[in-house]
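Colleague: Before I rely on the labels attached to this fold, I would like to go through them one at a time. Could you set each value against the criterion behind it?

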Amino acid sequence: MTLTITSLRVDERKGETVPFLIVNCCFRVDPEANDGYLWAQAKGDSEDYREILTLDDPEKYETSLLTWDYTTRYPGYGRAWTHHDPVWEYVEKFDTFWFKEWVADCPVTRSIVNDLEHYKTHGMLPTVYRTIDEGIILQHLRTLQSYWD
């Protein structure tokens with residue numbers, strides 16, 4: 001299995017008026033599987049800085065799109081580094097990724113938590129998905145981060 005959830009704990013809490021969940025998940029990704037693509041994706045989301053693609057002149061780029069063909073490449077691409085809020089942490093000592101987030105207790109987050117528990121128990125997601133399970137698990141964790149309380 002490419003991605004293994006080693007620990008999953010969900011604590012239900014209630015603030016003054018709003019219920020929330022504390023999701024604590026540790027998972028491992030096999031760096032050798034799928035040419036390391038999934039591991040690189042997980043490692044990239046644990047970094048403080050992210051490399052992005054830049055353009056030298058947006059107007060020049062738009063005009064080049066009008067005359068674009070498959071044989072040429074726009075020459076004004078560049079790369080820059082920007083600050084990134086990590087989704088999870090990479091714990092190098094244990095070769096494990098650690099996700100901990102306070103999330104709103106709502107139907108969307110409950111559904112995601114149920115999928116995570118199903119994946120941890122059975123090693124696969126329910127059959128409603130039509131793509132790679134491991135990629136969906138990473139996307140579920142990214143989505144949980146956006147439902148913070």
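Colleague: To start with the strands, which residue in β2 stands opposite V10?

Modeller: This is a predicted model, and in it V10 stands opposite V23 of β2. V23 also stands opposite E101 in β6, while K14 has P19 of β2 opposite it.

Colleague: How do you know that β1 and β2 pair, and in which sense do they run?

Modeller: Two strands count as paired from at least two bridges, and β1 and β2 are joined by 11 bridges and run antiparallel, so by that criterion they are a pair. They form a hairpin, with four residues between the two strands.

Colleague: Why is β2 called largely enclosed by the rest of the structure?

Modeller: The cut-off for a buried residue is under 20% relative accessible area, and eight of the 11 residues of β2 are buried, so the strand is described as largely enclosed.

Colleague: Why is α1 called roughly parallel to α4?

Modeller: The axes of α1 (residues 37–44) and α4 (residues 133–146) come within 11 Å and cross at roughly 10 degrees. Since angles under 35 degrees count as roughly parallel, that makes α1 roughly parallel to α4. L38, Q41 and A42 of α1 make the contact with E134, G135, L138 and R142 of α4, which by class gives three nonpolar, two polar and two charged residues.

Colleague: How do you know that L144 is buried, and what is L144 in contact with beyond its neighbours in sequence?

Modeller: L144, which is found in helix α4, has a relative accessible area of 0%; the cut-off is under 20%, so L144 is buried. Leaving aside neighbours within four places in sequence, L144 is in contact with V23, F99, E101, V103, T109, I112 and L116. The C-alpha atoms of L144 and K100 are separated by 9.8 Å, although the two residues are 44 apart along the chain.

Colleague: Which residues touch the most other members of the largest nonpolar core?

Modeller: That core has 25 residues, and L3, I5, F27 and W88 touch the most other members. Two or more residues come from each of β1 (3–14), β2 (19–29), α1, β6 (96–104), α3 (107–122) and α4. With neighbours within four places set aside, the contacts of L3 include F27, L38, Y119, I137 and L138.

Colleague: Why is D95 called partly exposed, and what is its phi?

Modeller: D95 lies in the loop between β5 and β6. Its relative accessible area is 32%, and since buried means under 20% and exposed over 50%, D95 is partly exposed. Phi of D95 is near 50 degrees, a positive value in a residue other than glycine. Most residues other than glycine have a negative phi.

Key. Residues are numbered from 1 along each chain as its sequence is written. This is a predicted model: local features need pLDDT of at least 70, side-chain atom pairs count only at pLDDT 80 or more; totals for chains, interfaces and linings use all residues. Side-chain values use heavy atoms; hydrogens and water are left out. Axes are lines fitted to C-alpha atoms, for helices over the stretch in contact, and angles run from 0 to 180 degrees between N-to-C directions. Angles under 35 degrees count as roughly parallel, over 145 as roughly antiparallel, 65 to 115 as roughly perpendicular and the rest as oblique. Contact means heavy atoms within 4.5 Å. Ala, Val, Leu, Ile, Met, Phe, Trp, Tyr, Cys and Pro count as nonpolar, Asp, Glu, Lys and Arg as charged, and the others, Gly among them, as polar. A nonpolar core is a set of buried Ala, Val, Leu, Ile, Met, Phe, Trp, Tyr and Cys residues joined through side-chain atoms within 4.5 Å. Buried means under 20% relative accessible area, exposed over 50%, partly exposed in between (1.4 Å probe, protein chains only).
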